[in-house]
Structures are given as structure tokens and as C-alpha cells.
Amino acid sequence: MTCPTCHLEVAAGDDECPRCGTLLASWTGAQQEESPWSRPSSDEPTLAFASPAEYAATHPAPPGAPAPGFAAAGPPPPAWALPQQPVRKRRLALPVLVLALALLVTGGGVAAAGYYLGWFGGGRGPAALVPGTAVSYLQVDLDPSLVQKASAWQFLRDLPQVKEAVASGRPDPKAIAWKLLAVPGTPLEDVDYARDVQPWLGDRFAVAAVPRQAGGAGGLFAVQVRDEAKAAAALRDWAGRTGQAWDVTIRDGYALLTEPADTRAFLGQLDAGPLSSNATFTADLATLGDPGVAAGWIDLAAAARLAEDAPAGPVQGRAVVSLAFTADTMTFGGRLIGLGDTGLTGAADLGALPASTWAALGFADGGSAVEKLFPTMEAYLRDWLTGAGLDEADLAALLGRSFSVGLSSSDTAAEGGMPDVGLRIETDDVARARAALEELVGPPEGGLPVTSRVEGDVLFAATSAPYLGELASPPATLGTDPAFVKALPDHARASFSLFVNPVPVLRLTGWSGGENAEFVGALRGIGGEYVAEGPGSGSWAFRVVRD
């Protein structure tokens, strides 16, 4: 029979569920048959409740209690008038609740509590079917947490494919992905999703790079399946269509695809321990919080050792990435861990630029980076610097402690001309930086129409006087724009950042967005940032914001 609480298949004759402790004696065979969880997973579960009259006939009201009713409006029915479930003893109910609350309150939280409470669909994740020796890993979960699913549909709601899926009544992200994959001219163009794929395809997928015994790395693909026999037959057929040999191994609800030369070795490494038991991998991935609909990990040092063209210098550290949604934001981001000293510690705050700026890029510590990296980059920079009449010190002064460049609309831009360009440079040698800039742009009569101004240790320059005035004394800044703040929430601490407001870009380019015009027209900001969090570590994110 099936446990009514956690839905575990329990051996006949057991008095209680071995997983959750629910007493099964009071849960009769008739109740078990009627339980929606006893139906095949392919059916949609339905719940039936007695009508108010039927229920009141068998559950008399306490003396003086009002008559029961389930009116469309008004206060909820009294507790005595609601259907009562059999009282079941749940040994783990309190510990689960306490753990979930503790994780949420302490910020450990949403991802760990969600996994423990089953928000991610439960079951075995693809990392358990990947060898623990893997040097890189990427997973896609099309049945993520309830919050992620709702947010993704809301963010993508204007796309034609999503509208079509929602209109069908049963939106299936796998069906949408299949339409994009099996396009005419591909080996899978004649495969019908509803007939040939949907009955066996699961929701989770992964690809990993696994070391080969002879050197280098090979690929391993893990595909969650619902019907192992149908999955094996379909995948072997598809592998044959590609013209490349692939072994298909079914294990623990997943199909593993490997090249024949790698199969035995990779399965042996998997038997020695999966990636999900690799403490470094699990700790790194946990720093992402909710892994969203996709997440990845790479051991940069191990991958560099396996690369055919290995970098000349030592490589260290690891990286994790994820793709996640809110109702109005899509974020592709991650963390860098243990890279060593990158030299990125300062901040270049694009939020200080004028609010009229619709595209900007900034970075910090450019001057010190020149001093550190010039010996290794001299072969590439020397000729350019000599031709521009500059030297290493000039370039370091020009890049300074913080360097920001912005584009702003202007009258000429509205008429199809070039937009205004402006610079904001914080530097230790502002006089040298100004002289280097004038050398680069050329004399006023024959070069770019650039004017500049110095205030303290900040150099402002622009191609128009109005934008130069805004740079030096902005009436309003980008930091007050809600779309900018959502795209770059850590702009004040970012060592590198970029921002684009799509609205002026679309207007200036005349691009309508094509079939995706409604979705593109709803976009309000695109931003990327890197925030240093210590020597060799930091977080980065690329965000798209819509209304």
C-alpha cells in the first residue's frame, strides 16, 4: 500500500510507515483505494468533498452552533463543519517544521528547506548519477521549486511559445524546449513529442566532463526517465541518427549517455562515489541558494590540467553558476571561489552617472591592473601606446581607481546621429589623465569634439556640453532608477558593471522585436556586475529586468 502522508510504497502488513511514522492501521483499504496518491502518476488527482447537507447529516452540530454552509461570500465555515481527516501520528512533523523555520530564519534557507520539504520534486538528482571525479557539471531542472516555476512563467509570459502553452491549459516546458530543438532539417524533425517523448521523458538533465584514464576528459549525459524501456529504445535510436556512437545505460531512473570507449571507466568511477557525495561540490553549490532552473559547477584547476592547451601559469579555484527567476527578473549569475589574488577590490559605481544615461560600463582598479599586468602585456600594448604618444604611466593614470563611460540621448541621436558619450574617471594623477585623454582624442579642430572638466581627483569628459554638465552635477542619477537598481542591486560595491536600458536602444535602432515584440517591449533594464568578496573570491550576475 501507499503511505497517505509521504506516499512511500509500504510493504503489506506494516503497521506504520518506516519513513514518516504514520500509523497505517486506521487507514483502511477502502481509504487507500480512494486516496489520490494511490492512482498512477500520469493521472490528475482529484479530491471530492461531501456537500454541506450530506456532511451535516452525518456530523451534527454542537448545541447552539450555527448551521453549516459553504456560501460564496462571508466568513469561513466553523471548524466542526469542515471534513475531518483521521488523526494520524506524525513523528517527524515537529522536527521538519523546526528545521525548515530555522533554515529560513538563519538564511541557510530556501534551497535547503525546499529540498527537505520536497519543493524540488524530491527523488534522486542527476548529480547522484555523475562520477565524483567530474571536473565540470551542468544541470537543468524543468520541475524546480514552486516559486521558481511560477516566477519563470510570469517572466516569460509574453513569448509566443509560452502563450501557446498556457492557452493549451497544461503548460509543459519540455514541450516548448522540444519545439526549439526538433526543428526542420535536424535528425529529430519527425519525432512527435506527445507520442514519442512525453511518455518517458523526466524533468532533470545534466552533462558533466569526466577525466579519461588516457588523459583529457569525456562527456557524460544524464537524462531522467519515467519509462526505462521506452527511454532506452528512443535514445539509442536517436544516437544512431546523429552518426556518432553512444552507449545508453539505464540506472536508478536515469539514462546515462557515454561514448563506448568511456562507458566502462566512467561507470566504474560512478560506483566509487557520485558527485553528490563530493564535499567540495556540495558546499560550492550550496552558496547559490535556490539553484533555480539550471545550475553548474567547475573545478578550474582540475579542468586546466585536463585541457589540451593548458594555460602557461597556474590555475586555481572553482566557479558555480545558476539561472533563476523572479516575476520581473531573470538572473544568470554565480560565484568565483579561491581564484587567488585577482587585484579586484575597488568599486566603480555606475549609479553616480546621470539618469539620462541609457548605456554604461565601468570598472575599478584599472590603473593598478596596468602596473601589475604590463610586463606580461607589453608585447601587445607597446606599439599602440607609442603610436598614441603615451606610455605606461599615462595609461595607468587614465584608467585610474574608477573608470566609467556612458551613452546618453541627445538631439543629434534623436535625428539618427551619434549619442553623447561621457567619461567619469577617479584617478590619483588627474592632470596626467587629462593630458593623456587630450592626446588620444586629438586637437579640438581635427579630433573628437570632447570637452573636459576637473573637480578634485575626478576627471569628467563628454562629447557635448550638456552631458558634461550632467556628469559633473547630475540633476538625477542612475541610482534612482528602479530598473537600474534591480539590474544592478550591488552597483555601489561592484568592481565591474555594465547597464543597458533597452527602450532608447530599440527607439534609436528602429528594431521592433519581430514575433517577440511584446516581450522585448516589456524589457526595462539589462545589467551585469562583479562584486569582489575577498582575495580571489566574488559574485557575479547578469540580469534582465522587465515591467
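Hi everyone. Let me start with a term: two residues are in contact when they have heavy atoms within 4.5 Å of each other. With that in hand, here is our protein chain, which is a predicted model. Take the contacts between residues at least 6 apart in sequence: 61% of them join residues at least 24 apart.

Now for the overall picture. The protein chain has 547 residues, and 39% of them are buried.

Let's zoom in on a pair of helices, H6 at residues 160-167 and H7 at residues 173-181. Their axes come within 10 Å and cross at roughly 135°. How do we describe that arrangement? Angles over 145 degrees would count as roughly antiparallel and 65 to 115 as roughly perpendicular, so H6 and H7 are oblique to each other. Their crossing is right-handed. On the H6 side, the contact is made by Gln161, Val162, Glu164 and Ala165, and H7 brings Ile176, Lys179 and Leu180. Sorted by class, that gives four nonpolar residues, one polar and two charged.

My last stop is Asp196, which sits in helix H8, residues 193-197. Is Asp196 buried, exposed or partly exposed? Its relative accessibility is 25%, so Asp196 counts as partly exposed. Leaving aside residues up to four places away in sequence, Asp196 touches Asp190 and Val191. Asp196 and Ala234 are 38 residues apart along the chain, and their C-alpha atoms are separated by 7.8 Å.

Definitions and conventions. Residues numbered from 1 in each chain as written. Predicted model: local features only at pLDDT ≥ 70, side-chain atom pairs only at ≥ 80, totals over all residues. Heavy atoms only, no water. Buried < 20%, exposed > 50% of the residue type's maximum accessible area, 1.4 Å probe, protein only. Axes fitted to C-alpha atoms, helices over the stretch in contact; angles between N-to-C directions. Helix = DSSP H or I, 4+ residues; strand = E, 2+ residues; numbered from the N terminus. Parallel < 35°, antiparallel > 145°, perpendicular 65-115°, else oblique. Left-handed = near helix turned anticlockwise from the far one by under 90°. Nonpolar A, V, L, I, M, F, W, Y, C, P; charged D, E, K, R; others polar.
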